[in-house]
Amino acid sequence: MPGIEHYLILSALLFGLGMVGVMVRKNVIVILMSIELMLNAVNLSFVAFSHFNADVKGQVMVFFVMTVAAAEAGVGLALAVAVYKKFKELNIRFFEQLRG
Amino acid sequence: MGTDILEISINFAKMVAIFLLMVQLVPLLVWVERRGSALIQNRLGPNRVGPLGLTQLLADAVKFLTKEEFVPAKSHRFLFYLAPIVALLPAAVAFNAIPLSHPIEVEAFEWLGHTWGPYTFLFQGYEIGIGIVFVLGVSSLAAYALLLAGWASDNKYSLIGALRASAQMISYELALGLSIVGILLVFNTFSFSEMVSQQVGPLSFMFFGQEVSIPFLPNWGIFFQPLGAILLLAAVFAETNRLPFDLPEAEAELVAGYHTEYGGIKMNMFYIGEYGHMLVASALMVTFYFGGYHIPFITPDQINEFFSGRGHGATQASLLTALVLHLSFFAKIAVFLWVFVWVRWTLPRFRYDQLMDLGWKTMLPWALANTIITAILVLMMRSSWS
Amino acid sequence: MYQLVPVLALSVFVALFGLLLVFLASRFGPRTKPSAVKQSSYECGLEVEKSTTTKIPIKYYLTAILFILFDIEIIFMYPWALAFGDFIQAGHGLYIFSAMGVFLAIFVFGLFWEIKSRALDWD
Amino acid sequence: MEMSSILFYLLAAATLFFGFRTITVANPIFSALNLALTMITLAGIFFMLDAYFIAGVQLAVYAGAVMVLFVMVLMLFDLSGEARAFSRGMMSGILKVGGVSLFGIIVIATIMGSFSNILVIDSGEAAAGQALVQPTTRDLAVVLFSRYLLAFELLGLLLLVVAVGVVAVSRIKGGTHARD
C-alpha cells in the first residue's frame, strides 16, 4: 500500500521536472507548459494530504488551483499569440531586446 | 474488479463483449444509414449482396482490410498511425461506463469441485461513482484524435478540417455540459445507475412540498427537463460531427476534412469512433431522459417474479430479466440512432459562422436559462412550505 | 481505487485491437511501388505549393480560450447541482441558490459582454 | 506486491516518463502531447486517492480543454525554425547548469528523505489514515459552498476579468483580432 511519502516524492520529482523545464527551455509556450507541470505536482501533494487526512479541504484547494492555472494558461497563450503575430518569434531570449 | 478468478475473467469478458458490440454495430449502422438515405431519397440503396443487402457489411469489412496501406511522404508517420487508435479509445471507454441493463444476481454454485459465488454482475463495463463527469472528461479527449490526424497528415484540408472540428466540439461541449446541470439538479447524483433507478414507476414529483403522482405517465427525466433534452440532443449532434454539423468534413470545401489522407482500415477506425460517439450520445439521452433500461410502469422485480413464477431458478430469472431490460434499452437507443440517420439526410449543412453563432449565442444562453429555471423550480417545489 | 483497473485494462485492450487492425490491413493490403506523385499530399490534383504551417486562420484560438474559461465555470456548477437537494432538505435552499445566483450573474454578464463586444463573431 | 502498489508504480512511472519527455522533446507539439498524457496519468493517480471528482475535472478541464488549446495554438504556428529546443549563450548555460543541479538536489533529497524518517509519517497514524472515511463529492460541495463561498465567488470574478482581458489582448493594435 503506497503511503503519503510515495505521493510526496512523486510530487517533488514532478515539480523538479517542471522547474528544469522553466529554466532550460527557450520557447515561451513550452515554459508555460512547464509551469502547468509544476502546478500539477502541487495539486498532487494537496490531494495526497487530503486523502491521508480524510479532509476535503485539500481537494477544494486543488479546485481553485486548477481554475487559476487555466486562467493563467489562457492569458499566457493570448499574449504569446499576440507577440508571435507581431514579431514572429517565441524565443524567450528575444523578449529581452524589446523596447517600449 | 472481482474477488476470484472466475469473477475477474467474466468481468473482463463482459467489457470486451461490450466493446465488440460497439464495433459490430458500426457496419450495421452504416447499412441502416445507406438504406435509410435511400428510403428518404426514394432510391433502393445496397440490395444486391445477400438478403436486403445485409451481407454488404461483410463485403465492406473485407474491402477495408484489403485496401492498400498508404502514408503520405511528408506526414508524421507515428502520429499518423496513432490518431485512428486514439479515435477508438474515448468512445469505447465512455460506452462501458453506461449501464445497459439491470445487474445480474448469480447464486452460489458448485463447479469443478469448488463453490463459486454468490456474485452480482453489473450489465456494464464498470460502475464509476462520478459517471457523468467521467464520461464528459473522457469524451472531451476525442478532440486529440482529430487534431493529431489533421496535423500528422501534412495536408491543408486535413489541418483546416481538424481545427474546425475541434473548435466546433469544444464550442458545443459548453452547451452539453450546461444542459447536464439541469439533470443533476433533478436527480442530485452523478451516478448513471442511481439516475436510472430514480426513473421507475409512474411520474411523481414534489409540488410545493406535497407529493404528486400522475399515474398515466412514466417517471422519465424528459418530463422534468424538456428544454434540456432538446439542447442536449442538438449538442451531441455537433459533438459527433454529423450533419447538419459536419463542417469539418464538408466535402464541397474541404474534400474530407481531417481524414482526407486516410484510407482503408484507418479510415474505418475513425468511423468506429464516430459511430461509437453516436452510441454513447444515444445511451446518454436514454439514461438521462427516457428511463434508461426500464420498461415504463414495470419494475425489474415484477419481471423477475414473472420468470420465477414460470419455474426458472433465481439465477436464471435474474439473467432473463436483465436480457429483457437490455432489449428495452436497445429499442430506445435504436430510436435515437434512427433520429441521427434521419436528421442527416433531411437537414442541410450550416455555414461555419452560423454554426458558431448557434453554439455560443443561442444554445449557451438557452442552456443557462434552463439551469436557472430548473434551479428556481426545484427550490420552490422541494422546499417545505409549512 | 479498483474502478481504475478495468478502465486501464479496457484502454490497453482497445489500443491492442487498433494495432491488430492496422497490422492486418498492412498484411492483406496490396503493395505498390511508392512514387513521389503518389505520396504527395492531396491537393485536388494541383502541385503542393507551401507547407501546411503557413497561412492558417488564427482566430480559432480566441474561441478555445473563451471555451476554457466558460468550461471551468460550468464545472463549478456540478458540485453545486449535486448538493442542491441536500441543502434544500437541510433548510438552506435559499442560501445555496443565492450563492450560485451571484456566480451565475457574473457568468451571464460575462457571456453577454462577449456577445456584445463581438468577440464571438466569426466574420 | 499488492494491486494498489502495482497501480501506483505503474502510474507514477508513466507520469514521470511523460513529464520528462515534456521538457526534453524538441518539437513543442510533442511537448504538449506528452503533457496531456501526464495529465491523464495524474488523473488516474487522483482516482487512486479517492478524489474522484477532482480526477474527472482533471480530465475534462486540463486534458480536455487546456491542453487542447495548447495543441491547437502550436499547430497554428510555423515551427520550422524551432528545431533547436534549448537556447545557447552564457546566461542559458548558467540556467541549464543551475536547473539540472537543483533537480539533482531534489532527487537526492527525496531519496535521502525516503530512507530517513523525515518524510515518513509514523506508521500508526498512517494506518489510521487508511481507516478514515474518505470524503465524497457531496462533502466537497458542502465545504466549497459554505466555508469557501467568498473564494468561489471571487474565482467567478477572476474568470470574468480574464475573459475580458483575453479579448482586449487580442484586440490591441496589430493583434490577432484587431479591428482595422
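Start with two helices from two chains. Helix α6 of chain B packs against helix α3 of chain C, residues 60–89. Their axes are 9 Å apart, at an angle of about 15°. An angle under 35 degrees counts as roughly parallel, so α6(B) and α3(C) are roughly parallel to each other. The crossing of α6(B) past α3(C) is left-handed.

Keep in mind that this is a predicted model.

Which residues of α6(B) and α3(C) meet? On the α6(B) side, they include B:Leu163, B:Ala167, B:Ile170, B:Leu174 and B:Val181. On the α3(C) side, they include C:Tyr60, C:Phe67, C:Phe70, C:Ile74 and C:Met77. Sorted by class, the contact of α6(B) with α3(C) has 18 nonpolar, 3 polar and 2 charged residues. B:Glu173 and C:Asp71 are among the residues that meet there.

Now stay on α6(B), but look inside chain B. Helix α5 of chain B covers residues 142–152, and α6(B) covers residues 156–187. The axes of these two come within 7 Å and cross at roughly 165°. Parallel or antiparallel? Over 145 degrees counts as roughly antiparallel, so α5(B) is roughly antiparallel to α6(B). The crossing of α5(B) and α6(B) is left-handed.

Who makes that contact? From α5(B), the residues include B:Ala143, B:Leu146, B:Leu147 and B:Trp151. From α6(B), they include B:Ser158, B:Leu159, B:Ala162, B:Met169 and B:Ile170. By class, the contact of α5(B) with α6(B) has 11 nonpolar and 4 polar residues, and no charged ones.

Look at B:Ile170 again. B:Ile170 is listed in the contact with α5(B). B:Ile170 is also listed in the contact with α3(C).

One more stop in chain B: B:Met267. B:Met267 lies in helix α10, residues 264–289 of chain B. Is B:Met267 buried or partly exposed? Count the other C-beta atoms within 10 Å of B:Met267: there are 16. Buried needs 20 or more, and exposed means 12 or fewer. So B:Met267 is partly exposed. What does B:Met267 touch, leaving aside its neighbours within four places in sequence? B:His259 and B:Tyr262. Now compare sequence with space. B:Met267 and B:Phe64 are 203 residues apart in sequence. In space, they are 8.6 Å apart, C-alpha to C-alpha.

On to chain A. Chain A has 3 helices and 0 strands. From the N terminus on, the pattern is α-α-α. A compact globule of 100 residues would have a radius of gyration near 13 Å, but chain A has 17 Å. Along its principal axes, the C-alpha trace of chain A spans about 55 × 25 × 20 Å. Of the 100 residues in chain A, 59% are buried. Take the contacts in chain A with a separation of 6 or more: 51% of them join residues 24 or more positions apart.

Chain D next. Chain D has 7 helices and 0 strands. Along the sequence, the order is α-α-α-α-α-α-α. Of its 180 residues, 42% count as buried. Among contacts in chain D between residues at least 6 apart, 47% join residues at least 24 apart.

So which chains touch? There are 5 pairs of chains that touch, and the most contacts are between chains A and D. In that pair, 61 residues of chain A are in contact with 75 residues of chain D. On chain A, the elements that give two or more residues are α1 (4–24), α2 (28–53) and α3 (57–87). α3(A) gives the most, with 21 residues. By class, that side of chain A has 39 nonpolar, 14 polar and 8 charged residues.

Chain D touches chain C as well. That contact takes 42 residues from chain D and 37 residues from chain C. Five helices of chain D each supply at least two residues: α1, α2, α3, α6 and α7. The largest share, 13 residues, comes from α7(D). The chain D side divides into 30 nonpolar, 8 polar and 4 charged residues.

Last point. How far apart are the nearest C-alpha atoms of chain A and chain B? They are 14 Å apart, and the two chains do not touch.

Note on methods
Residues numbered from 1 in each chain as written. Chains lettered and ligands numbered in written order. Predicted model: local features only at pLDDT ≥ 70, side-chain atom pairs only at ≥ 80, totals over all residues. Helix = DSSP H or I, 4+ residues; strand = E, 2+ residues; numbered from the N terminus. Contact = placed C-beta atoms within 7 Å. Axes fitted to C-alpha atoms, helices over the stretch in contact; angles between N-to-C directions. Parallel < 35°, antiparallel > 145°, perpendicular 65-115°, else oblique. Left-handed = near helix turned anticlockwise from the far one by under 90°. Nonpolar A, V, L, I, M, F, W, Y, C, P; charged D, E, K, R; others polar. Rg over C-alpha atoms; globule rule 2.2 N^0.38 Å.
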